[in-house]
Amino acid sequence: MAEDIQSTKLNIIDPHIHLFDLSQGDYHWLKSANPPFWPDKNLIQQNFSEADLSLSDNLQLAGFVHIEAGFDNKQPWRELHWLEQTCNLPFRSIAFIDINQSPINFALELTKLSQFSSFVGVRYIFEDDNILTTLSNEQVLTNLQLLAERTLIFELQMPFDNIDAVKLISLLLTQLPKLKVIINHAGFPEPDSESQFKQWQAVIQQFSQFSCCAIKCSGWEMQNRHYTVNWQQKVINHSLACFGEDRVMLASNFPLTLFSQPYPAYWQAYVEQLTLAPKLLEKLCFTNSYHWYHFDS
């Protein structure tokens with residue numbers, strides 16, 4: 001039961017964090033010579049462990065979900081092995097996997113990953129230059145069907161401003177009604193574009209019709225390092241209006257949150273600055289992540 005890891009403090013399960021060990025992992029994207037070419041990239045070019053996930057005294061980190069961070073994309077099981085050797089808090093792992101590969105190889109990789117007790121699903125980041133090709137690949141449908149059969153999570157990370165890609169994703173979700181999909185970073189709504197925001201609102205409404213789909217509100221710093229609480233509230237309110245109270249989660253994206261503020265301040269801002277009733281805040285910060293990521297199993 002959820003009560004097993006609750007206390008008098010407000011419990012947090014952060015459903016989107018990344019930990020790094022630069023001596024063991026590859027992290028191709030973190031290297032200065034490789035994209036993305038962020039001017040402040042140096043802030044995260046270091047090791048981050050569970051010990052860096054500190055919170056203010058009124059909050060308690062009851063668990064987290066580790067999202068793959070490019071540790072070793074050729075042998076993604078290595079990241080899970082490292083995590084399970086080093087982490088002590090309750091946590092779940094979302095691994096990297098190439099959804100374009102042959103169904104035979106995909107199944108073999110899933111079997112390897114499933115040997116780790118923290119493993120609950122996979123993430124694939126859709127890049128603009130290959131997104132339509134990937135989504136049109138028949139092997140992708142077969143592979144995602146296997147995820148659904150094994151009741152594993154598919155973390156969907158893509159900007160929702162590509163209408164053709166959104167149509168293909170919607171088709172996939174229609175064909176795979178039991179596939180458990182969690183939208184990363186709320187689908188990257190743009191804070192400075194009214195037309196893009198209206199389009200994002202329509203896509204969120206569309207995806208919310210799939211009962212096995214949930215959404216994580218996070219990654220604010222990826223769109224604007226100086227985002228405002230009014231912007232967060234606007235995105236969260238629309239997510240709640242579409243998905244309801246049980247399919248929305250608040251998350252961080254640590255350590256990329258450091259582009260804007262320290263980790264304790266990030267969560268304190270959620271608690272103190274957002275206009276959310278206490279029971280709803282508990283759902284968004286703890287209960288929903290607890291259930292969606294199988295902390296009860």
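The model is predicted: local features need pLDDT of at least 70, side-chain atom pairs count only at pLDDT 80 or more, and totals for chains, interfaces and linings use all residues. Residues are numbered from 1 along each chain as its sequence is written, and side-chain values use heavy atoms, with hydrogens and water left out.

I begin with the sheet. Eight strands form an open sheet with parallel pairing, in the order S1-S2-S3-S4-S5-S6-S7-S8; strands are DSSP runs of E with at least two residues, helices runs of H or I with at least four, numbered from the N terminus. Two strands pair if DSSP finds at least two bridges between them. At the edges stand S1 (10-17) and S8 (248-250), each pairing on one side only.

Within this sheet, S5 (residues 153-157) and S6 (residues 180-183) pair in the parallel sense over four bridges. Leucine 156 has isoleucine 183 in S6 as its bridge partner.

I turn to the helix pair. Helix H2 (residues 103-113) packs against helix H4 (residues 138-149) at an angle of about 30°, their axes 10 Å apart. Axes are lines fitted to C-alpha atoms, for helices over the stretch in contact, and angles run from 0 to 180 degrees between N-to-C directions. Pro103, Phe106, Ala107 and Leu110 in H2 meet residues of H4 including Leu146 and Leu147, where contact means heavy atoms within 4.5 Å.

Finally, glutamine 101 is in the loop between strand S3 (91-96) and H2. Not counting residues up to four places away in sequence, glutamine 101 touches Phe106, Glu109, Gln139 and Asn143.
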